[in-house]
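Biologist: I'd like a close look at one part of this model, please. Here's what we're both looking at.

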Amino acid sequence: MPFGPARRSALLSPLLSRYQGQPGVADELLDAHGNIRPVWRGFIDYLATIPQSRLPHMLARGDQYLHNAGVYFRQYDGQGSAERDWPLSHMPILIDDHEWQTISAGLIQRADLLEAVVSDIYGKNRLAASGHLPASLIAASKEWLRPMVGVQPRGGHFLHFVAFEIGRGPDGSWWVLGDRTQAPSGAGFALENRVATAKVFADFYTGTSIHRLAGFFRRFRDTLNGMRRNDTHRASILTPGPMNESYFEHAYIARYLGFGLLEGEDLAVEEGQLKVRTVSGLVPVEVLWRRLDSNFADPLELDETSQLGTAGMVHAARQGNVTLVNALGSGILESRAFLAFMPRLSEHLLGQKLALPNIATWWCGHPAEAEHVRRHAAHMMIGEALSTRLPFEIDEHGAPGNLLQQPHDGLLERMIDEDGARFVGQEVVTLSTTPALVDGVLVPRPMSLRVFLARTSEGWQVMPGGYARVGKSEDPTAIAMRRGGSVADVWVVSDRPVSTETMMAPPPGPFTRALPGTLPSRAADNLFWLGRYIERVEGDIRLLRAYHLRLAEGTAETNPLLELLHDALEARDLDVTSPVPAGLLQTLRHALNSASKIRERFSVDGWMALQDVEKTALRFQQSVMAGDDAAAAMRVLLRKISGFSGLVHENMYRFVGWRFLSIGRALERATFIAAGLTAFVEGAGLDGALELAIEIGDSAMTHRRQYSVAMTRNTVVDLIALDPLNPRSILFSVKEMHEHISYLPGADVYGHMSPLARAVLRAQSEIAILTPETFDGAALDLLSQRLGEMSDILTLAYFQ
Amino acid sequence: MLYDISLRISYSFGEFTASGSQILRVLPRELPGIQRVIASHLDFQPRATARVDGIDFFGNATVNASYRYVQHELCFTVHARVRRSDAGAQPDMPTRLGALADEIASYRGLDAYSPHHFIGQSQRIRRDNAIAAYAHAISRRDLPVLENVIAISNALHRDIAFDPEATDVKTPAGVAFAHRKGVCQDFTHIMITALRAMGIPAGYVSGFLRTIPPEGQPRLEGADAMHAWVMAWCGTEAGWIEIDPTNGITVGSDHIVVAIGRDYNDVAPVSGILKTAGSQKTEQAVDVIAVTERT
């Protein structure tokens with residue numbers, strides 16, 4: 001360590017001036033004698049060298065990263081939900097590699113035990129028959145999915161990715177607090193925590209022997225990909241969708257691992273095979289990392305009220321045509337009461353004692369245990385036997401997960417007497433404390449650790465690090481984020497050099513180009529509409545700018561164009577009495593909504609640029625005055641929209657999704673210009689109307705350069721309708737659509753055009769042969785009709 | 001008794017087409033010693049795009065069928081010949097209600113007929129204080145379980161009016177009980193709720209009733225569509241008995257079992273939805289004819 005000489009001053013560092021362990025509680029930083037543990041010394045010495053004035057800048061670097069990366073979590077309250085900043089506790093938790101090996105070995109043993117238990121529960125039920133697990137407990141669990149009983153998972157394993165919540169007890173040893181087998185979250189967040197924390201302490205982190213995380217993910221990715229029988233069937237993540245609190249993580253992990261991100265409605269079951277609805281038709285999916293709770297996965301055979309699932313998924317699993325990570329029904333292992341049976345199950349099934357104990361648990365369905373809980377209730381947490389929450393977790397309704405923390409009035413006795421099988425007693429958890437930065441100094445806060453295990457071809461791999469949760473106060477129930485807790489990175493520190501491998505696999509053979517995956521129909525639909533909404537917003541803004549520019553110069557009496565503009569705006573649901581009309585914000589929100597459903601296909605910059613447009617528009621709505629002020633505001637909004645368009649145009653990979661987005665824009669643009677021509681050129685013949693048409697067509701400069709003669713109806717029509725070189729013209733937009741459509745799946749099958757390809761070719765030909773003289777009202781009407789038809793054909797062919 | 005059974009369920013969706021997947025539980029099941037299926041088959045008009053026959057957790061016959069763009073009408077027909085006999089005598093030393101909990105606890109299996117599936121709550125059976133109080137008032141812990149079951153069935157038959165207009169397929173048991181009105185599904189759900197409140201394992205049975213009763217007996221309610229009744233576990237020795245609260249009788253040889261489960265959701269004749277642009281109309285017709293056997 002480079003900062004050896006500073007060690008003497010470490011405890012004198014102002015950061016640690018108030019740090020003190022608490023009696024009866026283990027501390028990560030200090031041992032029982034109040035000395036800094038060896039694993040922390042280097043880091044603490046390093047911290048001591050940081051001038052106090054510099055620390056805030058370092059912390060800000062991590063926060064800035066999280067902000068730029070778009071990391072958020074969704075918080076629910078009584079009214080609804082909102083995206084919140086990611087609550088990183090900047091202090092990592094350091095764990096010695098030797099200690100980590102012990103934890104890992106214990107957790108691998110536990111993962112094997114869980115696999116053995118779940119395969120019995122869905123298999124021969126020998127554990128129930130022999131009394132090692134009460135039959136009534138299994139039967140009462142809503143996570144025991146009867147349609148999955150007797151179904152052997154493809155590949156033979158139920159569990160592929162599990163997590164364990166662990167904590168350190170007062171005597172310094174680790175305890176398992178809960179098993180996470182349903183759809184454990186946090187691994188992606190752990191990665192983000194690592195990147196952010198490594199940025200904060202960049203000069204320390206680089207070159208240290210802290211285990212890196214990428215190797216774990218790479219092996220898991222390769223394992224999932226290896227479970228496919230056909231390489232073109234992309235491994236995918238099944239998410240409940242953007243309203244789920246962990247959606248960011250689902251999208252992030254999908255992007256990080258190169259997996260597809262699917263929702264239930266993206267999938268269909270055909271002939272017993274799970275398939276993705278894509279723009280190229282139904283494409284099989286063989287490996288699905290399920291982040292959706294089992295019960296919601298299939299409305300046909302599981303919870304029939306589920307809106308998130310896919311009818312027939314259970315059938316597909318039963319046919320053995322898909323590997324689900326983890327198998328449907330694995331969630332039953334999370335039941336609290338199971339902890340009561342794990343020690344004996346381990347001896348029975350593995351012939352070994354649990355290497356890492358879980359917190360002592362008594363199921364009150366047995367008379368002796370019920371009696372024990374009754375007698376010691378004052379020192380226990382008592383809660384629902386089948387709950388899957390951790391002992392200290394608060395459920396989403398805000399009520400304590402622990403039904404009765406303090407027994408009173410004999411109520412507890414009565415409940416245990418009447419229906420003991422519903423309850424468990426658990427010893428009260430004492431968590432160790434770890435340093436957290438509060439008001440510029442380090443203070444001890446309770447923490448628990450989530451550790452992730454992935455099954456690979458070489459057996460279970462433990463992620464060397466984890467997802468730590470740190471309490472807001474000394475109260476261990478305040479660990480949950482929704483209760484104000486924060487999260488922290490976990491550094492497993494080795495005394496030897498560590499591998500710094502990345503996600504890049506060593507090349508196994510000659511270079512092969514990865515082909516872009518097929519695009520799910522729902523994503524294509526959202527991209528198309530994102531394109532349309534963005535262009536519609538742009539049109540709205542141009543019209544509003546034109547209106548306010550003229551409003552600044554006069555009234556409807558002096559300038560009849562205002563009347564014309566007013567009508568055009570009204571036809572687009574824009575109420576000009578407000579300088580930033582509600583209709584504009586509405587369309588903008590539609591654009592954001594479409595974008596939010598395909599966030600993993602977007603750069604974070606693109607998403608932030610869009611959000612910025614909305615934020616700015618909302619701010620303008622509060623402050624902007626009609627007239628020049630509003631016109632200036634619209635100019636700002638136009639520039640911001642162009643920023644987004646620029647990102648799309650310059651940075652977005654030309655995959656088929658980009659085509660849909662571009663078709664949406666071109667279609668909307670052609671429609672907008674056609675409407676402008678109808679309103680301002682074909683109709684009134686008012687003074688300044690031609691200039692107005694050119695202005696909303698954003699072609700004033702070009703017109704001045706192209707036509708030295710005065711502006712006439714024909715020069716305007718020529719420029720903004722028929723000019724093949726003007727990117728704002730109708731012909732240009734239709735030609736663009738033609739090109740994009742020719743790249744869509746099925747556009748051309750052995751020279752036979754698809755209905756859509758025919759429709760766009762016809763529209764293009766109809767316009768291309770017109771001259772300004774023949775481009776009349778009837779031609780405009782026909783064009784509008786053609787554009788509408790194309791949208792319908794596209795929808796039918798690709799989005800359904 | 002030997003029966004010829006026919007069932008016809010039709011959906012019409014007017015000018016629109018319909019697509020989707022469904023699971024059907026409409027074929028009579030085998031019950032060793034009690035019910036034998038001699039022949040049965042299920043036809044679709046028009047034919048299903050895909051059809052997979054199977055057996056569910058509770059041993060019921062299922063048919064998983066998918067359709068794409070069915071026009072105007074979809075129709076299932078079942079034809080079956082089934083022999084059904086009486087369950088036979090009850091044990092000499094029946095289990096008293098007060099001793100039932102221990103017998104349940106000593107049962108270690110999770111097979112389809114394990115009593116553990118049928119206590120506590122299930123999707124359609126929730127705790128209901130009014131029904132529990134009603135059951136408590138009728139029950140006696142010192143009497144055999146079967147006597148308690150019959151007493152509750154008789155009480156419900158007496159207190160609840162058969163009324164096809166009062167409820168629909170989604171009505172919760174508590175609501176039907178509060179109105180003291182309903183059809184066989186409501187009688188069955190109410191009685192299951194009552195039995196489970198007393199700690200008696202109870203399940204839902206769907207099936208058919210013979211259309212024309214034996215001479216001199218009244219026609220039973222529920223014979224013109226699929227019927228529902230209750231099964232109750234009366235102890236290790238007595239096992240399961242079937243009872244029909246809608247008609248206030250224990251089940252003999254006039255009931256033909258199609259499916260068993262914890263509540264309606266486990267046995268629904270048709271689950272899953274057909275997506276269509278308009279509304280859909282369903283009709284059901286059942287015919288159960290006793291076949292005279294020459295000796």
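Biologist: Which residues touch the most other members of the largest nonpolar core?

Modeller: First, this is a predicted model, where local features need pLDDT of at least 70, side-chain atom pairs count only at pLDDT 80 or more, and totals for chains, interfaces and linings use all residues. Residues count from 1 along each chain as its sequence is written, while chains are lettered from A and ligands numbered from 1 in the order written.

Now your core: a nonpolar core is a set of buried Ala, Val, Leu, Ile, Met, Phe, Trp, Tyr and Cys residues joined through C-beta atoms within 7 Å. Buried means 20 or more other C-beta atoms within 10 Å of a residue's own, with C-beta atoms placed from the backbone. The largest core has 220 residues, and the ones touching the most other members are Val451(A), Ala194(B), Leu195(B) and Ala232(B). Take Ala232(B): leaving out residues up to four places away in sequence, its contacts (C-beta atoms within 7 Å) include Leu195(B), Trp240(B) and Ile243(B). Apart from that core there's another of 90 residues, Leu527(A) and Val681(A) among them.

Seven of its 10 residues are buried, so H22 is largely enclosed by the rest of the structure. Asp718(A) is one of those buried residues, along with Val716(A) and Leu722(A).

As for where the chains meet, the contact takes 19 residues from chain A and 17 from chain B. H5(A) gives the most to chain A's side, with five residues.

Notes. Buried ≥ 20, exposed ≤ 12 C-beta atoms within 10 Å, placed from the backbone. Contact = placed C-beta atoms within 7 Å. Helix = DSSP H or I, 4+ residues; strand = E, 2+ residues; numbered from the N terminus.
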